[in-house]
Amino acid sequence: MWIYERKLQYPVRIRRSNPRLASVIISQLGGPDGELGASMRYLNQRYSMPNRNIAGILTDVGTEELAHLEIVGAILHQLTANLSEEEIAKSFFAAYFTDHTVGVYPQGADGTPFNARAFAVKGDVFADLNEDLAAEQKARVTYDNLLRLIDDPDVADPIRFLREREVVHYQRFGDALRIAQDNADCKNFYAINPAFDPRRKG
Amino acid sequence: MTNQPNPQNRPAELLDMIQKIDFALVETILYLDAYPDNRQALVFYHKLLTERTRLAEQYEKNVGPLTATANRSTASWNWTKAPWPWELAANC
C-alpha cells in the first residue's frame, strides 16, 4: 500500500506561464520514457523478482518515480495555471487545450496518449533489469533534450533534479544486475530466466 | 545535523529542511537495498531518521499534517485546508 505525503520531493516554483514548455515537458508525464511508465514498470516487475534485495530496489525506486510523476504534474500545472486565451491561441499548446483544457493528461510531446507498452514487464530477472537500465538512460536523455529547450531557470531547476535521479537510479539498477548475476546458478552462464525455470523443475 | 528546528522556523523553512533530510533518506534507503550489510550506511540511516522524526513532529504541530492520519485537531479537519503541494503557494 501507499500513504500520501503532503509535499513534493523537490520544490517547484514557476512564476511565469509558458505553454511552449508545457507542450514538451508533458512527455516526461506520459511519453515513452516518462515517469508514469517508469513507476508502473518497476512496481509491476516486483512480483516476479525472486531476489528480495532487488525487489526492494524496484519497490523504492518505483515509489520515488511516483513522486517524480507528481513533480512533472506540478511543473505542467504551474506552467499553464494563468494562461490567457491569447497566449494559448498563438501557441502549439492550442491543440492540447482543445482536448484537455489545462488539465494534466498523460501524453507524449507529439500528442500520442500514454501507451502501456512503456511498462515493459517480461517476468525475467535479466530481461527486466536490462530494460530498467536502458529506461533510466532514455529518461536521462529526454531530460537533457528538455534542458536544451528550457529558457526559464525556474523550470530548469526541478528538471535538473529529475535528470540527476535518472543517473542515480541507473547506478542502483547496475547494483541490482550485479546482485542477480552473483546469485545466479554458476552453470546458468547465459543468464536465462532464473525467475521461472527453477519452479518448473520442482 | 546542523539545522536545529526551533519555534522561529517559518513553515517554508521547516518544509525545506524536511525535503532535504527526506532526500538524504531516499538515497540511503536505495543504497541499503543494494548493500544491506554496510554498517556505515545503517548508522547514517538512523541518524537521519532521528532528525526526520523530530522535524516532522515540529511541522505537524505548528503547520499541518504531512499525512492524512497526522491530523491532530479534534475540532476540525485540517488535511485539505492548506495549498496542495503542486500549487505555487505551497512552494514559496
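By class, which residues make up the lining of the second largest pocket? It has 13 nonpolar, four polar and three charged residues. Here Ala, Val, Leu, Ile, Met, Phe, Trp, Tyr, Cys and Pro count as nonpolar, Asp, Glu, Lys and Arg as charged, and the others, Gly among them, as polar.

The model is predicted: local features need pLDDT of at least 70, side-chain atom pairs count only at pLDDT 80 or more, and totals for chains, interfaces and linings use all residues. Residues are numbered from 1 along each chain as its sequence is written, chains are lettered from A in the order in which they are written, and side-chain values use heavy atoms, with hydrogens and water left out.

The second largest pocket holds about 370 Å³ of space. A pocket is an open set of points on a 1 Å grid over the protein atoms alone, with protein on both sides within 12 Å along at least five of seven lines; lining residues have an atom within 4 Å of a point. Grid points are joined across faces, edges and corners, and a volume is the space filled by probe spheres set on the points. The lining comprises 20 residues, of which B:Y59, B:V63, B:A82, B:P83 and B:A90 are the closest to the centre. α1(B) gives the most to this lining, with four residues. Helices are DSSP runs (H or I, at least four residues), numbered from the N terminus.

The largest pocket holds about 930 Å³. It is lined by 28 residues, and A:E5, A:K7, A:T63, B:D22 and B:V26 are the closest to its centre. α4 of chain A, α1 (11–34) of chain B and α2 (39–62) of chain B each supply at least two lining residues. By class, this lining has 14 nonpolar, four polar and 10 charged residues.

Chains A and B bury about 2500 Å² between them, 56% of it on carbon and sulfur atoms. Buried area is the accessible area (1.4 Å probe) that two parts lose on being put together, summed over both. In chain A, A:R6, A:K7 and A:R172 lose the most area to chain B, together 30% of what that side buries. The contact (heavy atoms within 4.5 Å) takes 30 residues from each of chain A and chain B.

The largest nonpolar core has 30 residues, of which A:I25, A:I75, A:L79, A:I150 and A:V155 touch the most other members. Such a core is a set of buried Ala, Val, Leu, Ile, Met, Phe, Trp, Tyr and Cys residues joined through side-chain atoms within 4.5 Å. Buried means under 20% relative accessible area (1.4 Å probe, protein chains only). α4(A) gives the most to this core, with seven residues. A second, separate core of 20 residues includes A:V61, A:A176, A:A180 and B:L30. Beyond its neighbours within four places in sequence, A:L79 is in contact with residues including A:I14, A:L21, A:I25 and A:V155.

α3(A) is mostly covered, with nine of its 11 residues buried. One cavity of 30 Å³ or more is found in the whole structure. A cavity is a set of points where a 1.4 Å probe fits but cannot get out. The largest cavity has a volume of about 40 Å³. Its lining is A:D33, A:G34, A:A38, A:R41, A:Y42, A:A135, A:E136, A:A139 and A:E166.

Notes: Buried means under 20% relative accessible area, exposed over 50%, partly exposed in between (1.4 Å probe, protein chains only).
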